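Have the model open in your viewer while you read. The notes below go through a few salt bridges, a helix and the nonpolar cores.

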Amino acid sequence: MTAPAPAFSAAARARHRASLGGETWDVLVVGGGITGAAAARDLALRGLRVALVEAGDFAEGTSSRSSRLIHGGLRYLETFEFGLVFEASAERRRLLSLLAPHLVHPLPFLFPVFRGGPVGYRKLQAGMWLYDALSLFRNIAPHRMLPAAEVRREEPRLRDDGLVGAALYYDASVDDARLTLANARGAHEAGAAVVSHAAVVGFLHDEGGVRGARVKDCLDGETVDVRARVVLNATGPWTDALRRLADPGAKPRLRPTKGVHILVPNERVGNRHAITFRSPVDGRVMFVLPWGAYTYVGTTDTDYAGSPSEARADPEDVAYLLTSANAMFPAARLVEADVISTWAGVRPLLGPRRDAGEGLSASATSREHDIWWDRSGLLNIAGGKLTTYRVMARQVADRAAAELRSHHDVEPGHASTADLPLPGAPSEPWKEFEARIRGAAAALGIGEDVGAHLARAYGEDAEAVLSAIEGDRALGGRIVEGHPYVWAEVAHAVRHEMALTLDDLLVRRLHLFYEAPDGGLSAARALAERMGREEGIGWGTEEVEAQLRAYREAVEETRGFGGVDNTSG
Ligand code: FAD
């Protein structure tokens, strides 16, 4: 029997960090978004010596700022990108059924048709049939076309004026940050040295090109030279910046665009389904999506030239999203004061090729990914989407493996991530598993909503959180009244999910940052003090204050539009 992997803890991060300079790695992966985390896992599963460094937290970039959908890509039908739809549908099926049934859940969508609108009923019906066909008729359920009367029953607060009918079809929702985290942890469990809050600040070269990187530990400021046979740039919207660091003459490959979402209370909108529609402002496809007690609306899609770290929702973005949502749900009359929080992500889209894409709009830029070697010797991957992360990771791992075999005398093993569940994936059917965890939570007197949250966030590890509560009932108390997050999760995040800062805890482990009107600031001090006492953290009074300052700033940046300050809540 093999020994269980050491926990994915803050203490493990310190060990991994200390090991970075000690050997020549087969592959150094730069970037701990979904692309880098999944690539590191795939490479480590092949028996390679892999290090992954991430400048911030896992998923801190685009991978926690998406529309949170695992989707077949309905709108790629319009651009005849059938291969993309086929591949994405297969990945959606795999994630739902086997790889991450705790993180990925079926989501019914309505796509309404209005008289005189850009998409007719018959055209939509044909598209839906094709969508089902490209998933080999094995989507969650086949689509159904609903007449107006049935749409009114299903979605009573949807715009009625000119309603012709709607398509009811299925995609899936995902906790994007946790999907990324599961891959990072999977990489760690497969033997990779996974280090968050460690940024590449320069590259090491020899006559063959890039042979490693200078890495700065963003927690203590120290730098270390990390040698590697292959360096993989998986930095999403930062791809070109990294490429220029390796070779100042590298020509840009990306055409990044910014996408913003707003979160509002579900009761203000009243949508029961996810709604796909075209914005009356500019005709773009967008979504009104359910998220527990909330609804989020997205997304914008505008060219973005600034630093990805500084992308924020502007008042114009918020106004556009409110206008679009109000057109679909007129009774909602959403205003800026209804916006609980916002998030803005930068899509690492590949720029149009010179021969094909001049004049393409931001929305029309391809969502395909590409993998290429730079003349500097850096291996790059960019583009794509969360949904197909596993395929992207396999392809880039194949490229790295081929290089190691041909030029470095390293023979990678074989591994398939297609049938290897992600850490936390329950082995019993989802419905039974969730009912069991809800029941166990109720038996401890902590509320079924907490049980449901624990099952979805942690999968099988929910049992560990519950047994901590069994040992100390106070840990079952809610951190903020009205939200399902409990105190036991703080230690769990540090000991099993490598949370290292207050921001890591509240933004990407718990989602209080987005969901609580004050971002969880009311509990932030108690959280920071408790977190600071954990092994591998060890904050003194000054550091607790610094964590609180940084967190408060992050909250303020995502709230308060049109003079409305939501941070005092
Ligand atoms: P990132 O997640 O940005 O990861 C790159 C990482 O590199 C970052 O964490 C960054 O900190 C790190 N990094 C940068 N510089 C350095 C350095 N010097 N050293 C170390 N690390 C560094 N896809 C879907 O499938 N479904 C959706 O619903 C969906 N919705 C989307 C909505 C929006 C608004 C956007 C913007 C994208 C959406 N996508 C969606 C696409 C998907 O989110 C992205 O394709 C994906 O998250 C990109 O992941 P990545 O790992 O390539 O980049």
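## A buried charged pair

Asp171 and Arg92 are both buried (buried means under 20% relative accessible area, exposed over 50%, partly exposed in between, with a 1.4 Å probe and protein chains only). Their side chains meet in a salt bridge, 2.6 Å from N to O (a salt bridge is a side-chain nitrogen of Lys or Arg within 4 Å of a carboxyl oxygen of Asp or Glu). Asp171 sits in strand β6 (residues 163–174) and Arg92 in helix α3 (residues 82–99), so the pair ties together parts that are 79 residues apart in sequence. Helices (H or I, at least four residues) and strands (E, at least two) are DSSP runs, numbered from the N terminus.

A word on the source: this is a predicted model, where local features need pLDDT of at least 70 and side-chain atom pairs count only at pLDDT 80 or more, while totals for chains, interfaces and linings use all residues. Residues are numbered from 1 along each chain as its sequence is written, and side-chain values use heavy atoms, with hydrogens and water left out.

## Other salt bridges

The structure has 41 salt bridges. One of them joins Arg312 to Glu557, with the closest N and O atoms 2.8 Å apart. Arg312 is in the loop between β15 (302–303) and α9 (315–328), and Glu557 is in helix α18 (residues 541–557), so this pair links parts that are 245 residues apart in sequence. Arg312 is partly exposed at 26% relative accessibility, and Glu557 is partly exposed at 38%.

Glu189 and Arg185 also pair up, again with a closest N to O distance of 2.8 Å. They are four residues apart in helix α6, which puts about one helical turn between them. Arg185 counts as buried at 18%, whereas Glu189 is partly exposed at 37%. Elsewhere, Asp57, Glu60, Asp503, Asp504, Arg508 and Arg509 form a salt-bridge network.

## Helix α12

Eight of the 11 residues in helix α12 (residues 448–458) are buried, among them His453, Leu454 and Tyr458. These buried residues pack against α6 (176–189), α11 (430–443), α13 (462–471) and α14 (488–496). Just past the helix, Gly459 has a positive phi of about 55 degrees.

## The nonpolar cores

Which residues touch the most other members of the largest nonpolar core? Among its 77 residues, they are Ile479, Leu502 and Leu527 (a nonpolar core is a set of buried Ala, Val, Leu, Ile, Met, Phe, Trp, Tyr and Cys residues joined through side-chain atoms within 4.5 Å). Helix α17 (residues 521–532) gives this core its largest share, six residues. Apart from it lies another core of 48 residues, including Phe8 and Phe58.

Definitions and conventions:
Contact means heavy atoms within 4.5 Å.
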